[in-house]
Amino acid sequence: MTEVGNLVVVGQGYVGLPLAQEAVQAGIHTVGLDLNEAVVDGLNDGRSHVDDLTDSDVAQMLENSYSATSDPVAISQAQTIVICVPTPLSKDGTPDMAYVNGAIEMVANYVQPYSLVSLESTTYPGTTEDLLKPVLEEHGFKVGYDIFLAYSPERINPGDETYGFRNTPKVVGGATKECSRRASAFYAMIVDEVVPVSGTREAEMTKLIENTYRHVNIALMNELVQAARGLKVDLNESIRAAKTKPFGYQAFYPGPGVGGHCIPIDPNYLSYTIKTELGHPFRFVELAQEVNQSMPAYVVSRISDILNSLGKPINNSSILLLGVTYKSNIADQRESPAVPIARLLAGKGAQLSYHDPHVAKWTVLEGDDFERVPSLDEALQQSDLVVILQNHSIYVEFPWVDISTPVFDTRGVLTENPDVYQL
Ligand code: SAJ
């Protein structure tokens, strides 16, 4: 415990807060450091802003050894600092390292000698060595001697009932052997399995492999579903059949687009590095990004074809969108494809309404909020077309046989119903 000492977690979002919770449960005095005062105040009032933690989870943390603050001086009281800040894309699609740069500068200004600094934010290989290490050394530290530096990719899976923080193996790569030892000792207190790798680059690449694998395979299904339509093949049925193969295959499904904080973002960190460091494109990621980003327009073209076959233009047709989050059965809307789909339909004159059990008010255009339809049953009867964008359980279990309104299912959840339109 002395080596681990007190912990400061920089960033109290969907990654930092679960990590703080696990550390508190392990008996580690933990301070959640976040520059967003509203987040800090909410946490200190016992309120959670993260899907995977309830208010009572936060209250329990406060009763133990947790508090939140926006004052970086807390770093000077800790021996272990974990950085869990966002790594989004800039407008031009390149990595936006502003949060990481801000965090490491703040840590370097306050961190005590012999502390451990671990970065968890998803990023390109080389970030820890080439961006964090120089900042610490500019502040007089010698990495591996009087400061210890590591990278450990976050593997938080929002809404996952099976895998939580503690039972998901944690990959850890240190800048030096002693850094790796220190980091492994810390993480061993909060996860069941630590997976040490030889360096920070290997740890950074691990996360990019994991998510690029998904990104590319989802894009493969998104491109294939368009060809399958032309070949008169029910692709979702073939995927379900392929899934019976007990080895060498993992099912991915076509959809209306790829949302979330990981999959549409992370692989671009890989293609960015390859392009800038090596001077050539990383074609798999660029093609996958192109295919996945084209899905909203493909969905709208399918809507146009369906309404056309019913003798109705998109213009003035009432279209009910079901499910506006990025993933089923959670409230997170980040990068949800529902937004570009709604914008395209509104641009063509559609009368839009939406329902989502997790979203009471939906912002499609800046300052233009939609209210959720008050009654799903009524809205279903009053629409010209219903479009299922997210397979929330409520829609999978809904009695669709009683509905006369045409339904377009972009998630392949109603394939048993021949009258339902598919991607
Ligand atoms: N999607 C498809 N077809 C698929 C799978 C996903 O269209 O077959 C779409 C989803 O609708 C969503 C997006 O892609 O919009 C991302 O879905 P996701 O299942 O990958 O969910 P995420 O973004 O929450 O990914 C996380 C990742 N976890 C971490 O990065 C720590 C990922 O590594 C997990 O494997 C994934 O959850 C998971 O398994 O649910």
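Colleague: How much space lies in the largest pocket?

Modeller: This is a predicted model, in which local features need pLDDT of at least 70 and side-chain atom pairs count only at pLDDT 80 or more, while totals for chains, interfaces and linings use all residues. Residues are numbered from 1 along each chain as its sequence is written, and side-chain values use heavy atoms, with hydrogens and water left out. On a 1 Å grid over the protein atoms alone, a pocket is an open set of points with protein on both sides within 12 Å along at least five of seven lines, whereas a cavity is a set where a 1.4 Å probe fits but cannot get out; lining residues have an atom within 4 Å of a point. With grid points joined across faces, edges and corners, and volume taken as the space filled by probe spheres set on the points, the largest pocket holds about 1500 Å³.

Colleague: Which residues that line the largest pocket are the closest to its centre?

Modeller: The lining of this pocket comprises 42 residues. The closest to the centre are N157, R214, I218, F252 and K327.

Colleague: Which element gives the largest share of that pocket's lining?

Modeller: Helices (H or I, at least four residues) and strands (E, at least two) are DSSP runs, numbered from the N terminus. The elements that give two or more residues to the lining are α7 and α8. The largest share, 7 residues, comes from α7.

Colleague: How do the residues of the pocket lining divide into nonpolar, polar and charged?

Modeller: Ala, Val, Leu, Ile, Met, Phe, Trp, Tyr, Cys and Pro count as nonpolar, Asp, Glu, Lys and Arg as charged, and the others, Gly among them, as polar. On that basis the lining of the largest pocket has 15 nonpolar, 16 polar and 11 charged residues.

Colleague: Which residues line the largest cavity?

Modeller: A search of the whole structure finds 1 cavity of 30 Å³ or more, and the largest cavity contains about 40 Å³ of space. Its lining divides into 2 nonpolar, 2 polar and 2 charged residues. The lining residues are R155, I156, G164, F165, T168 and K170.

Colleague: Why is one side of β10 and of β15 left without a neighbour in the sheet?

Modeller: Two strands pair if DSSP finds at least two bridges between them. An open sheet of 5 strands, paired in parallel, has the order β10-β9-β13-β14-β15. One side of β10 (351–355) and of β15 (421–422) lacks a neighbour because each stands at an edge, with a single partner strand.

Colleague: Which residue of β14 is the bridge partner of V386?

Modeller: Strand β13 (residues 385–388) pairs with strand β14 (residues 407–409) in the parallel sense, over 3 bridges. The partner of V386 in β14 is V407.

Colleague: What is the handedness of the crossover from β4 to β5?

Modeller: Strand β4 (residues 80–83) is joined by 4 bridges to strand β5 (residues 115–119), and the two run parallel; I83 stands opposite L119. The chain passes from β4 through helix α4 (residues 98–110) to β5. A crossover is right-handed if, with the strands pointing away from the viewer, the path from the first strand over the helix to the second runs clockwise. This β-α-β crossover is right-handed.

Colleague: Is T128 buried or exposed?

Modeller: T128 belongs to helix α5 (residues 127–138). Contact means heavy atoms within 4.5 Å, and, leaving aside neighbours within four places in sequence, T128 is in contact with residues including L119, L149 and Y151. Buried means under 20% relative accessible area, exposed over 50%, and partly exposed in between (1.4 Å probe, protein chains only). At a relative accessible area of 0%, T128 is buried.

Colleague: Where is K232 found?

Modeller: K232 has a positive phi of about 55 degrees although it is not a glycine. At 76% relative accessibility, K232 counts as exposed. K232 is found in the loop between α7 (200–230) and α8 (235–242).

Colleague: How far apart in space are C262 and T87?

Modeller: C262 lies in the loop between α8 and α9 (266–278) and is buried, with a relative accessible area of 10%. C262 and T87 are 175 residues apart in sequence. In space, C-alpha to C-alpha, they are 9.5 Å apart.
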